[in-house]
Amino acid sequence: MESRPILGIDLGGTNIRLGKVRGDSLEEHHARRISSQAEEEQVLQEVFQAVDTVMDDEIVAIGCGVPSVVDVDTGIVHAVENIPSWRRVPLKTRLEERYGLPVLVNNDANAFALGELHFGQGRGASNMVGMTLGTGLGTGVIIDGRLYCGSNCGAGEIGSIPYRDGAIETYCSGQFFERATGESGEAIYGRARQGDEEALQLFEAYGYELGHAVMTVLYAFDPDLVVFGGSVSQGFSFFEPGLRRRLQDFDYQHSLERTTFVRSRIEHAAILGAAALHMEP
């Protein structure tokens, strides 16, 4: 019998993306903006409106990834990034009450890592880390083939570790390019693709900085695979040389030789990963 679909939701600070995940396929993908500066209930109603566009009688469960720390038992999300009014929202309960389906909520970087584990580059991996490189730096950790969240869903928050005059994500996310030039990473990526020497050097420098975050991951979790996702990961071929140069300082080169670094190749890994929350043993 054909598998029943799960609704995967990727809730960002400005957009919500969602779709039906059936087996290995993402069906009926939708995206819409949300009023991120609105009051808590208005944003929640906009989430419901987005879900209503996809919801049907086939769907058997809902998984949701959110850019925040999440109480994974109760599904309460705390201090959602870029949605100031969402300080303590019982998202799991509200979705279950409205749709009468089981709901799992987790951090969006964790959902990305699960998406790669079940649908992407991480298939078959035992110990893997997914790193999302965008406006910030998110990290999801897979240990012995399972998502590891820690006691408070805070495992893998590498980007928040103090570093220089800020935090690691200040230097190892898209913020690097804003700080260096005032331009967006997207604009510099476009120039790099055209062979602009300054842009190529910026990506080299970015890779070197990113190496600090990657070394932190290697020391903390000793993965056999690191998968990069997010908008900045499009420039992987440009920043990989700088990353490799920085990793020459990693103490355990024999371990590094057994660690693979790749860019995500699947679209909407976070949606797929949100649905995969229901695939965890």
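I take a polar contact to be a pair of N or O atoms within 3.5 Å, where within protein one must be able to donate a hydrogen and the other to accept it, and where residues adjacent in sequence count only if both atoms are side-chain atoms. The model I am reading is predicted, so I note that local features need pLDDT of at least 70 and side-chain atom pairs count only at pLDDT 80 or more, while totals for chains, interfaces and linings use all residues. Residues are numbered from 1 along each chain as its sequence is written, and side-chain values use heavy atoms, with hydrogens and water left out.

**Entry 1: Ser264.** With that definition in hand, I looked up the side chains of Ser264 and Glu116 and found that a polar contact of 2.4 Å joins them. Ser264 sits in the loop between β15 (260–263) and α10 (269–276); helices (H or I, at least four residues) and strands (E, at least two) are DSSP runs, numbered from the N terminus. For its surroundings I used contact in the sense of heavy atoms within 4.5 Å. Apart from neighbours within four places in sequence, Ser264 is in contact with Phe112, Glu116, Gln121, Val227, Phe228 and Gly229.

**Entry 2: α10.** In α10, 8 of its 8 residues are buried, so I record the helix as mostly covered. What do the buried residues of α10 pack against? They pack against β1 (6–11), β2 (15–22), β3 (25–33), β4 (61–66) and α3 (108–119).

**Entry 3: Trp86.** Trp86 belongs to the loop between β6 (76–78) and β7 (88–90), and with a relative accessible area of 0% it is buried. Its side chain reaches the backbone oxygen of Glu40 at 3.2 Å. Neighbours within four places in sequence aside, the contacts of Trp86 include Leu11, Glu40, Val43, Leu44 and Val47. I also looked up how far Trp86 is from Ala205: the two are 119 residues apart in sequence and 36 Å apart in space, C-alpha to C-alpha.

**Entry 4: two positive phi values.** Most residues other than glycine have a negative phi. Asn82, found in the loop between β6 and β7, has a positive phi near 70 degrees, and it is partly exposed, with a relative accessible area of 45%. Arg164, in the loop between β12 (162–163) and β13 (166–167), has a positive phi near 50 degrees, and with a relative accessible area of 57% it is exposed.

**Entry 5: the whole chain.** Stepping back, I find 10 helices and 15 strands in the protein chain. Along its principal axes the C-alpha trace spans about 50 × 40 × 35 Å. The radius of gyration of the protein chain is 19 Å, which agrees with the value near 19 Å for a compact globule of 281 residues; it is taken over C-alpha atoms, and the globule rule is 2.2 Å times the number of residues to the power 0.38. Of the 281 residues, 52% count as buried. Among contacts with a separation of 6 or more, residues 24 or more positions apart account for 66%.

Key
Buried means under 20% relative accessible area, exposed over 50%, partly exposed in between (1.4 Å probe, protein chains only).
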